[in-house]
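Look at the sequence and the fold together.

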Amino acid sequence: MIYKNDCTLPKEYLEQLTTEGLESLPEMIRVLVNEAMQIEREKYLNAKPYQRSHERSGYANGYKPKTVRTRVGEVTFDIPQVREGGFYPGALEKGLRSERAFTLALAEMYVQGVSTRKVAAITERLCGTSVSAIQVSRAAKQLDEVLETWRNRPLGEVVYLYLDARYEKVRQAGSVRDAAILIASGVKKDGKRSVLGISVSLSEAQTHWRVFMETLVNRGLHGVQLIISDNHGGLKAARKAVFTGIPWQRCQFHLQQNAMQYVPHVSMRREVAEDIRVILNAPDREAAQMYLKKAVNKYALIAPKLADWMEVNIPEGFTVFSFPRDHQRRVRTSNYLERLSQEIKRRTRVVRIFPNEQSCLRLISAILMEVSEEWEYGRLYLRMETG
């Protein structure tokens, strides 16, 4: 047999493979993927290292090591970083965990006989073939180990703690119920955001919230200076029990929404919303209290229930005035958790009804793990040295 000398692999790699055999594969993969990621960053920045160019769209910012499990063993790659954030090399298949979890969620529906023809078709297209219960179980076990480790990782000092909940449909004992997805995220002392924890349960009752918060503390969460959340009853009671004495900021966005329940006429909603915005956008607590007093007097006769509600509830949105002005815009609402919730919804609405709690936990954990990594390796959310 005649062999053609048309191999495109560099000669030095061929020599290494010849002398060291298959043991050299991990190192070869590391070098090749690192080079591919370097080229990808250059294309992203529209410039090579140290090149002066008017078309440059950003600046390189060194490398960050990341160990990945491959078919030839664990390989530690050097992930190129960009100073402005927002870059992640496609060579490492960003999104692999959540896409695998997404596939498993659909596959479980198919295997357990609760899916529609459409879901079965999507599953087969995603997986490339029909999926057996054994294959799903094996793949789920591997993924669950990674996600379980992430959910139970040690926590450290968190300055601002955000708490929120959303709901997903989960099948249980032949019926479909709403499962509460509790999510905790925070801003650490380095100014970076991080998803701290997630819990899935068929209730958002006080017990669920309390166990969830206690788990965060047991994992080492400390140093919290402010908690930002909505005014859900179960959350409120659990927060007071677990984080006694820590200031609480009621989400101002939810405050405005809650107020609309007490507006007697639809025609008044725009005016009431504007009055509340004036109060919450005040330059300091004293001004906010003055604007609130005027609003309460204004609505005392024409909307007495609204006036009473405002007098009691609006001040719960004033805690933010005790914190640095440069931080106030970021910590007066839990809006970024709302955006995170929308991203989760975008990925889960295809599933529609999860076959069990574990399937729901798996997919959402994978999504949040990716988001958290982006936050931790991305740009600062807050400059914590601000006085």
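The protein chain has a mean pLDDT of 82. Of its residues, 78% reach 70 or more. Strand E6, residues 226–229, has the highest mean pLDDT, at 96. Helix H4, residues 117–127, has the lowest, at 52. Then look at residues 1–9, where pLDDT stays under 50. For this stretch the model has four contacts beyond four places in sequence. Where pLDDT is low, the predicted coordinates should not be read in detail.

Now go to the inside. The largest nonpolar core has 63 residues. Which residues have the most contacts inside it? They are Tyr 160, Tyr 162, Met 310, Ile 314 and Leu 368. Helix H14, residues 357–377, gives the most to this core, with 10 residues. Take Ile 314 and set aside its neighbours within four places in sequence. Ile 314 is then in contact with Leu 255, Ile 276, Ile 279, Leu 280, Leu 292 and Trp 309. A second core of 19 residues is separate. Phe 212, Met 213, Ile 227 and Leu 235 are among its members.

Next come the cavities. The structure holds two of 30 Å³ or more. What lines the largest cavity? The lining is made of Lys 64, Pro 65, Lys 66, Ile 79, Gln 81, Tyr 88 and Tyr 377. E1 gives the most, with three.

Turn to the cysteines. A disulfide is a covalent bond between the sulfur atoms of two cysteines. Here the count of disulfides is zero, taking sulfur atoms within 2.5 Å as the rule. Is Cys 251 buried or exposed? Cys 251 counts as buried because its relative accessibility is 0%. Cys 360 is buried too, with a relative accessible area of 0%.

Finish with two loops. Asn 46 sits between helix H2 (25–45) and E1. Asn 46 is not a glycine, yet it has a positive phi of about 60 degrees. With a relative accessible area of 43%, Asn 46 is partly exposed. Ala 173 lies in the loop between strand E3 (158–172) and strand E4 (175–188). Ala 173 is not a glycine either, and its phi is positive, at about 50 degrees. Ala 173 is exposed, because its relative accessible area is 81% and the cut-off for exposed is over 50%.

Definitions and conventions
Residues numbered from 1 in each chain as written. Predicted model: local features only at pLDDT ≥ 70, side-chain atom pairs only at ≥ 80, totals over all residues. Heavy atoms only, no water. Buried < 20%, exposed > 50% of the residue type's maximum accessible area, 1.4 Å probe, protein only. pLDDT = per-residue confidence, 0-100. Helix = DSSP H or I, 4+ residues; strand = E, 2+ residues; numbered from the N terminus. Contact = heavy atoms within 4.5 Å. Core = buried A, V, L, I, M, F, W, Y, C linked by side-chain atoms within 4.5 Å. 1 Å grid on protein atoms, 1.4 Å probe; cavity = no way out; pocket = protein on both sides within 12 Å on 5 of 7 lines; lining within 4 Å. Points joined across faces, edges and corners; volume = space filled by probe spheres on them.
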